[in-house]
Amino acid sequence: MRANIVLLPGDGIGPEVVASAAEVLRCIAKAEDWGIEMQTGYIGGAAYERCGRPLDPKTLEACRSSDAVLLGAVGGPQWEHLPAHLRPEAGLLELRQELGVFANLRPVLARPALYKRTPFRPELLAGVDLIFVRELTGGIYFGEKAGDSDQAYDICRYSREEIQRIGRTAASLALSRKGRLCSIDKANVLATSRLWRQVMTELIEDEFPDLTLEHVLVDAAAMYLMQRPSSFDVIVTENMFGDILSDEASILAGSLGLLPSASLGDGNVGLYEPIHGSAPSLAGQNLANPIGAILSVALMLRHSLEAPQIADRIEAAVEALIEEDFLTPDLAEGTPRTTAEVTARVCQHLSKKFI
């Protein structure tokens, strides 16, 4: 295999977890004799400091011509004074839109070895294996917005086409799993949600009649994720709801640092990133949890590089490490390990499996 990967370390702990993920990718490439080329780009605050914009134009061009993009995180208090279009988060929104990655996949798995690291009873976590399919390039994050010191507005807008394409992605995924799809909206209040519910219903009836579709209001869904999380399989929802609910669901796994994501579109380039933020207070301390970034590499191998068996090996290596309690401070029961130590351990497990 030959592949061109763009690394976007970003801000805060982003450079540390991206370095870990890149090291795992190098370990695999060496063992498999792959020709993987990695180049580094600039996004977020790091890009603003370099070129006065939250996304370096040269970086965007490199991303467009790559096979996949691996992102760390963006943001930090030193850039909060900037106008909205120059803040680090604007670079991330621009990248998603320019790459056309409208479907954000966020898997959430509750592992028995980490049940004790959550506030839940073990019986509530048994069987929790769900995935969010979040619409990523529409809705309130991308709508017209304005404001001053007295008032502000953000417009949430969705078209039938946008809802259909994310619905097809989620439905196809549900067909490959347990055949259950939960669509989350706020149809009792919002016009966009009423359209969302109507289009989802029509889509499943017309194109995916074998699926079981459930509609749940977003406030009820937030409660059900804590009360009966194992009842969910594939969850599809709009941009802001998906952002909030998937972060809430991370507590089921034990730590936000464990969760990966894949952002996909109609093109060939996928964007892969852990769902956590830049965590400025942890930056530079070698304590950030790299597992979310490492598992994002597994998603990259599965969805962009067509190497699902190698993705399985990465996930198995992470599982072994969790069973050993060889973990960073956010999860460790025993001796906390550093970011570098956890990364090295994953590579050790991978090397054993490749022999």
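## Helix α1

Helices here are DSSP runs (H or I, at least four residues), strands are runs of E of at least two, and both are numbered from the N terminus.

This is a predicted model, in which local features need pLDDT of at least 70, side-chain atom pairs count only at pLDDT 80 or more, and totals for chains, interfaces and linings use all residues. Residues are numbered from 1 along each chain as its sequence is written, and side-chain values use heavy atoms, with hydrogens and water left out.

Among the buried residues of α1 are G14, V17, A21, L25 and C27. Buried means under 20% relative accessible area, exposed over 50%, and partly exposed in between (1.4 Å probe, protein chains only). Just after α1, D33 takes a positive phi of about 60°.

## Where α1 meets α11

Helix α1 (residues 14–32) and helix α11 (residues 308–323) have axes that come within 12 Å and cross at roughly 130°. That makes α1 oblique to α11. Axes are lines fitted to C-alpha atoms, for helices over the stretch in contact, with angles from 0 to 180 degrees between N-to-C directions. Angles under 35 degrees count as roughly parallel, over 145 as roughly antiparallel, 65 to 115 as roughly perpendicular and the rest as oblique.

On the α1 side, V24, I28 and E32 meet I310, R313 and I314 of α11. These contact residues divide into 4 nonpolar, no polar and 2 charged. Contact means heavy atoms within 4.5 Å. Ala, Val, Leu, Ile, Met, Phe, Trp, Tyr, Cys and Pro count as nonpolar, Asp, Glu, Lys and Arg as charged, and the others, Gly among them, as polar.

## The α10 and α11 pair

The axes of α10 and α11 come within 7 Å and cross at roughly 160°, so the two helices are roughly antiparallel to each other. Their contact includes I291, L295 and L301 of α10, along with P308, I314 and V318 of α11. By class, this contact has 12 nonpolar, no polar and 3 charged residues.

## A loop with positive phi values

Now look at the loop between β12 (270–272) and α10 (291–303), where A279 lies. A279 is not a glycine, yet has a positive phi of about 40°. At 26% relative accessibility, A279 counts as partly exposed.

N286 also lies in the loop between β12 and α10. The phi of N286 is near 65°, a positive value in a residue other than glycine. With 29% relative accessibility, N286 counts as partly exposed.
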